[in-house]
Amino acid sequence: MPNAIAINNENLTAALDRLVAGKFNLIILKLGEWAGPNDPNGIPEGNIKYFLSSSQITSFISAVKARIPDAKVHARVYNVQGWQTPWDISSATMRQTVINSAMAALDRGFDGFNEDTEKWSDLTPAYLSSLVTFWNDLADATRARGKKLSVDALAPYAYPVETVYPQLDVDYIFPMLYNGGSYGQIDFKTVMNRVLTIGGLSPVVIWMYPQPPTALASILSWIDAQLASHGSYSKLAGFGIWQYIEMAAADFTAWNAWSTKNGYANGELKDVFLT
């Protein structure tokens, strides 16, 4: 059962002991961002603006697998509205450019890819159709290399998850159960139920954000309460935490003690993630 964490390269030395203690074996490394049009550094649109050198990537992967031999290391690349200028997802040519860039990143020794393109201001059918096409085509390319794709998907009340999620055929959907910060208990449990009761092919990993004043222990208790009240969810594939650098020592203690991450009685829970 994979347990995953997303992490920055500079955190690894201090993090390895915690990763071992938390039984994490899927490590999601922040690799870079997608360049938008007119990038100030001259990087062509749709290419990756790398945060790490080839030697840093190799060292990171080697260090993880030396301590956790069964670990998988996935590359995370993002383009988030408000942080970066959006790339032109409506262009089939540009989508292929991005996919080619992702495959070049995978070939640097990664076991999979985590994609995070967010343009939260555009919920038009045209944009959402382009996003679904992009993610499904990226999944096909990733699987052709024998690797896995996860996508970080919006999930607030206003987002049409009933339209988008069922159309996706990716290895994991990571619905972000936060909106600039942690949800409260009612919102978290409501959105959790919503994203787990829609149709579609793709397994869902519950994505949580333990940001003060909300401790991870509280969020984990909400998940347990929702599972107890609803029962099992066939689409539930695991859990994820955004993100390592914002976790307190108490959060790791809560995670390590949380038995739900190890699966529940009917065996339907397959994967657990921390980013």
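**Close-up 1. The largest nonpolar core of the predicted model comprises 90 residues.** Such a core is a set of buried Ala, Val, Leu, Ile, Met, Phe, Trp, Tyr and Cys residues joined through side-chain atoms within 4.5 Å, buried meaning under 20% relative accessible area with a 1.4 Å probe and protein chains only. The residues with the most contacts inside the core are F113, Y165, F188, I206 and I223. Helix α4 (residues 125-144) gives the most to this core, contributing nine residues; helices are DSSP runs of H or I with at least four residues, numbered from the N terminus.

The model is predicted, with local features requiring pLDDT of at least 70 and side-chain atom pairs pLDDT 80 or more, whereas totals for chains, interfaces and linings use all residues. Residues are numbered from 1 along each chain as its sequence is written, and side-chain values use heavy atoms, without hydrogens and water.

**Close-up 2. Surroundings of I223.** Leaving aside residues up to four places away in sequence, I223 touches F188, M192, I206, M208, F239 and W258; contact means heavy atoms within 4.5 Å.

**Close-up 3. R194 in helix α6 (residues 185-196).** R194 counts as buried because its relative accessibility is 17%. With residues up to four places away in sequence not counted, R194 touches A155, P156, Y157, Y159, P160, V161 and E162.

**Close-up 4. Packing of helix α1 (residues 12-21) with helix α2 (residues 54-67).** The two helices pack at an angle of about 30 degrees, and their axes lie 10 Å apart. Helices α1 and α2 are therefore roughly parallel to each other, a term applied to angles under 35 degrees. L12, L16, D17 and V20 of α1 meet F60, A63, V64 and R67 of α2.

Conventions
Axes fitted to C-alpha atoms, helices over the stretch in contact; angles between N-to-C directions. Parallel < 35°, antiparallel > 145°, perpendicular 65-115°, else oblique. Buried < 20%, exposed > 50% of the residue type's maximum accessible area, 1.4 Å probe, protein only.
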